[in-house]
Amino acid sequence: MIKRIDDIVLIQLSGIDSNIYLIDDVVIDSGTGFNFTRLHSILKVLKKGFEDFRLVVNTHGHFDHIGGNGYFLKAKTAIHKNDAPIIENGDNKLSWADYFDGKLKPRKVDMKLEDGDVIKAGNLTLKVIHTPGHTEGSICLYDEKRQILFTGDTIFSDGVGRTDVPGGNEEKITESLAKIANLKVQKMLPGHGNPVVKDASKVIQDILSASE
Ligand SMILES: [Zn+2]
């Protein structure tokens, strides 16, 4: 399924794949990699091919977000430095690949992100916000001017991210959510499920007060 949020394309392949976002020649999360044919035909509909992308940014190192990285043949890989070893070592435990019946091959990480780094993606200027808790190297990506926040698995449109997963830490996610709560957000684009396309700050506030 394809959804358009302004100049951002959201691809949802299946119930277990992460949301895949395309912004010009940048990909945010790549899904499990199990649904190659479907992804290929969706890209075709968009008049794009795997080779048209220059960068894949992963919001964290779980298999359902990084499994498809290798399809984007010419793209560099970017992930927070704390989750980079998961990809570099092909870590089937910390990536949770076992849970998805997947197998992770060790791959090179080209950019090890840190809090405050800035990534240009089409017309978006995305600031990296380190939000550990779902994993050690989870990040959100924030365009301050357009008030767009990509949240990975830190927060969704209907609740907060799980911490009972490899790399999870309850205390850290609470701190990370407090960081996000202060941002002005119109559109929230999470790692699974529906995006919030207006007044996302209000949704974030509601979710956080309900989870206290
Ligand atoms: Zn995850």
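## Helix α4

In this predicted model, helix α4 buries I173, S176, L177 and I180. Seen down the axis of α4, these buried residues fall within an arc of 100°, so they line one face of the helix. The face turned away from that buried side carries E171, E175 and A178, which are exposed.

Helix α4 covers residues 170-181, twelve residues in total. From its first C-alpha to its last it reaches 17 Å. That is close to the 16 Å expected at 1.5 Å a residue.

## The open sheet

Seven strands make up an open sheet with mixed pairing. Their order is β1-β2-β3-β4-β5-β6-β7. Strands β1 (2-5) and β7 (111-113) are the edges, and each of them pairs on one side only. From one strand to the next, the twist averages 20°.

Strands of a sheet pair through backbone hydrogen bonds, either parallel or antiparallel. In which sense do β4 and β5 pair? Strand β4 (residues 26-28) runs parallel to strand β5 (residues 55-57), and the two pair over three bridges. Within this part of the sheet, I28 stands opposite V57 in β5.

## The nonpolar core

In soluble globular proteins, nonpolar side chains tend to be buried together. Here the largest nonpolar core has 55 residues. Which of them touch the most other members? They are Y21, V26, V27, C140, L141 and L149.

Take Y21 as one of these residues. Residues up to four places away in sequence are not counted here. Beyond them, Y21 touches I8, V9, L10, I28, D29, F150 and L189. Among these contacts of Y21 is I28, the residue that stands opposite V57 in β5.

## The loop around G70

G70 is found in the loop between α2 (63-66) and β6 (76-80). Is G70 buried, exposed or partly exposed? It has 15 other C-beta atoms within 10 Å. A buried residue needs 20 or more, and an exposed one has 12 or fewer. G70 is therefore partly exposed.

Which residues does G70 contact, leaving aside its neighbours within four places in sequence? They are G33 and R107. G70 and K105 are 35 residues apart in sequence. In space they are 9.4 Å apart, C-alpha to C-alpha.

Definitions and conventions: Residues are numbered from 1 along each chain as its sequence is written. This is a predicted model: local features need pLDDT of at least 70, side-chain atom pairs count only at pLDDT 80 or more; totals for chains, interfaces and linings use all residues. Two strands pair if DSSP finds at least two bridges between them. Helices (H or I, at least four residues) and strands (E, at least two) are DSSP runs, numbered from the N terminus. Axes are lines fitted to C-alpha atoms, for helices over the stretch in contact, and angles run from 0 to 180 degrees between N-to-C directions. A nonpolar core is a set of buried Ala, Val, Leu, Ile, Met, Phe, Trp, Tyr and Cys residues joined through C-beta atoms within 7 Å. Two residues are in contact if their C-beta atoms, placed from the backbone, lie within 7 Å. The expected span of a helix is 1.5 Å times one less than its number of residues. The arc is that of the directions from the helix axis to the C-beta atoms.
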